[in-house]
Amino acid sequence: MYSVPKKFPTTIVGSYPKFSAAQEAIRRRKAGEVSEEEFRELVKPAIREAVEDHLWAGVDIISDGEQAREDMVVYFAERMRGYAVGDWVRIFDNEYFRKPIISSRLEWVAPMTVDHWRFASSISQGRPVKGILTGPYTMMEWSFDLHYKDRRELILDLAKAIRREVEELVRAGAQYIQVDEPALSTRPWREDAELLKEALDIIFRGIGAKRIVHICYGKLEKILPYILDYPVDQFDLEMVNSDFRLLPYLKEYGYNKELAFGAVDVHKLQVESVEEVEAAIDRVMRADVVGPEKAYVKPDCGMKRLPREIAREKMKNMVLAAQRAREKY
Amino acid sequence: MGAWSSVLGGFPRSRHVRKVLRDYERGSVTHGELEAAVAEASALLIGAQLAAGLTYVTDGMVDWHDIFRPFVESWRNVTPTGLLRYFDNNYFYRIPLFTGKPEPKGLVLAPRVRRFAKLAEPAGLKVVLPGPYTFAAMSEVRGLEREELAEAIAKLMGSEVRAAVEAGARAVQIDEPLLSDQEAERDEAVLAAELASKVAKEAGEAKTILAVYFDVPKAEVYEALLEAKVSCLSLDVIDAPERAAKLIASKGLKEGCAALGLINARNVYDDDLGKLEELFLSLTKGYEGEPGVTTSTWLDLLPYEYGIRKARILGLLAQRLGVR
């Protein structure tokens, strides 16, 4: 079994540039040419490539690259009961996705991510693979709701459905469960932060794995006091892009959980040098928010929008910088 | 009392437009063919807005990838770069990278106005442009100060507006969504208002609207925006109706003209016209200016059919209130 370093373990947020096998599988599934089971098999070569890139770079805690996910919300919406197929909505430029519509009560139906988690774990050379799920707040915010018209009722049903998936992942052996909530920081209101806390209580209660919530960008400092007691072991946060703006706030509020911090910027095509990533780690250490044992080094966010070569190089330099930091601290 | 009406900005793309744009990017469609498809789509959207009875219509801006892009592409010293989330939407814009003062290669708005102004009659054609403050603040800037850039953008936008109005635009909307940010400070709003005033000065007799959306601005920001020398100030009410009501109750509506974003442009349900009428009447009680109703934001992040449907619902609301 691979031993994750005790100081500055490296990890990723989850998504990775899509390989052609995954793109083709998604296209064929959408066209109705393949069943869900066939789709899962078709995606596996792409997952293999993503895992190999993570291993090549030397990342300690990896993912399946989210190769099966056309979009972080659509993937789950298509596999839960209660969602209707949405119509095309722009995501950037002339790229569109089917924004899901909630048309009846939401329920978990069958495992959505376990098969690919298992496959990635089987080829990860013992390195832990994160079980990664889109969180209930983001699922709610990035869907159209024509059924609930009540946000609390809606998010709690989503939480119950996600909880079922978490149970399946843990049963399969996942040691790290990450819930992604990029939408939270875009609407940094106390009532929304508290709504998500209620949902996370449902998702994580009694779960015997490392519980992680990933939040990125936006004005997170505004709601920090309301999220720091979330029932998680680790916050996975963007840092570089916002020039480490959050650090003084974390210090001020007496942050006491593990901190996975962004040390490379996924919005920039320029590959950070090892020294630049080291400087990012130094900055977090100087802020005296967490010690090296509680500090995880990772990119700000998912890497899916980067060209593969750049994503690989960014990961590689991140790993080298973490190695140097282990000697230094 | 009655109200004028207008969709706040752009519309979603139809399946056909998406396909033609994709084919154009792949090189299988010529620029002329793309222009023809966009013109057809724009004409259809203008027709939909006319059928809804709206006072001002837009051409739908279906060929704009984001609010900044057409300007970025028609100016020198700026280029579109990486993607960044656009406010609280699951949608990304390309960050403009300015490496010097922007210089125009051509005009964006006037050619569109020349093409569509007659078609829009009896409604007035409205042009929409990003406000200089939001534009500069949401860009990456190298080699010049951000405020200097904002000033330069205001100057270029002034020329755009002058030419658009000469070509027949009857309303000019200057979008400053960044001012809805709860972190925005009064000083920033003062600057945004000054720059918007400079742009609006070039609009002659056309109605000028300063639009703030995606949230309700803070009181001190709103106060500064009320000072902008524009005909009208437009607020996104429906994103946070209680805060909007509180703000309007304490600071009032802009003297002369105020637009209220009442039709939810970020969800697909049919808006409750009865409730909206009630809200409109309570917000404009005692108001002596000219009120307008709009969608809360642009319609471009809805599915196509819902975008058109929302324009129709806006028309029904305006009809219910009595069209000015």
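User: Let's start in chain B. What do the buried residues of α9(B) pack against?

Analyst: Keep in mind that this is a predicted model. The buried residues of α9(B) pack against α8, β9 (232–236), β10 (257–263) and α10 (273–283) of chain B.

User: Which residues are buried in α9 of chain B?

Analyst: B:Ala244, B:Leu247 and B:Ile248, in a helix that runs over residues 241–251. They sit on the same side of α9(B), because the arc they cover around the axis is only 95°.

User: What follows α9(B)?

Analyst: B:Gly252, with a positive phi near 80°.

User: OK, back to α8. How do α7 and α8 of chain B cross?

Analyst: Their axes come within 8 Å and cross at roughly 20°, with α7 covering residues 186–201 and α8 covering residues 219–226. The cut-off for roughly parallel is an angle under 35 degrees, and α7(B) and α8(B) are therefore roughly parallel to each other. The crossing of α7(B) past α8(B) is right-handed.

User: Which residues make that contact between α7(B) and α8(B)?

Analyst: From α7(B) you get B:Arg186, B:Ala189, B:Val190 and B:Ala193, and they meet B:Glu220, B:Val221, B:Glu223, B:Ala224 and B:Leu225 of α8(B). By type, the residues of this α7(B) contact with α8(B) are six nonpolar, no polar and three charged.

User: Just past that there's a valine I noticed. Where is B:Val230?

Analyst: B:Val230 is in the loop between α8 and β9 of chain B.

User: Is B:Val230 buried or exposed?

Analyst: Buried: its relative accessible area is 9%, and the cut-off for buried is under 20%.

User: What does B:Val230 touch, apart from residues up to four places away in sequence?

Analyst: B:Val230 touches B:Ala196, B:Ala200, B:Thr208, B:Leu210 and B:Lys254. B:Lys254 is 24 residues from B:Val230 along the chain, and their C-alpha atoms are separated by 9.7 Å.

User: Now chain A. What is phi for A:Glu66?

Analyst: Near 50°, so positive in a residue other than glycine. A:Glu66 is in the loop between α2 (36–57) and α3 (74–77) of chain A, and A:Glu66 counts as buried at 9% relative accessibility.

User: And A:Asp243, what's its phi?

Analyst: A:Asp243 has a positive phi of about 55°, although it is not a glycine. A:Asp243 lies in the loop between β7 (234–237) and α9 (247–252) of chain A, and counts as partly exposed at 48% relative accessibility.

User: Last topic: how do α10 and α11 of chain A cross?

Analyst: The axes of α10(A), residues 274–286, and α11(A) come within 8 Å and cross at roughly 50°. That makes α10(A) oblique to α11(A). The residues of this contact of α10(A) with α11(A) are eight nonpolar, one polar and five charged.

User: Where's A:Asn317 in all this?

Analyst: A:Asn317 is in α11 of chain A, residues 308–328, and counts as buried at 14% relative accessibility. Leaving aside neighbours within four places in sequence, A:Asn317 is in contact with A:Val271, A:Glu272, A:Ser273, A:Val274 and A:Val277.

Terms used: Residues numbered from 1 in each chain as written. Chains lettered and ligands numbered in written order. Predicted model: local features only at pLDDT ≥ 70, side-chain atom pairs only at ≥ 80, totals over all residues. Heavy atoms only, no water. Axes fitted to C-alpha atoms, helices over the stretch in contact; angles between N-to-C directions. Helix = DSSP H or I, 4+ residues; strand = E, 2+ residues; numbered from the N terminus. Parallel < 35°, antiparallel > 145°, perpendicular 65-115°, else oblique. Left-handed = near helix turned anticlockwise from the far one by under 90°. Contact = heavy atoms within 4.5 Å. Nonpolar A, V, L, I, M, F, W, Y, C, P; charged D, E, K, R; others polar. Buried < 20%, exposed > 50% of the residue type's maximum accessible area, 1.4 Å probe, protein only. Arc of directions from axis to C-beta.
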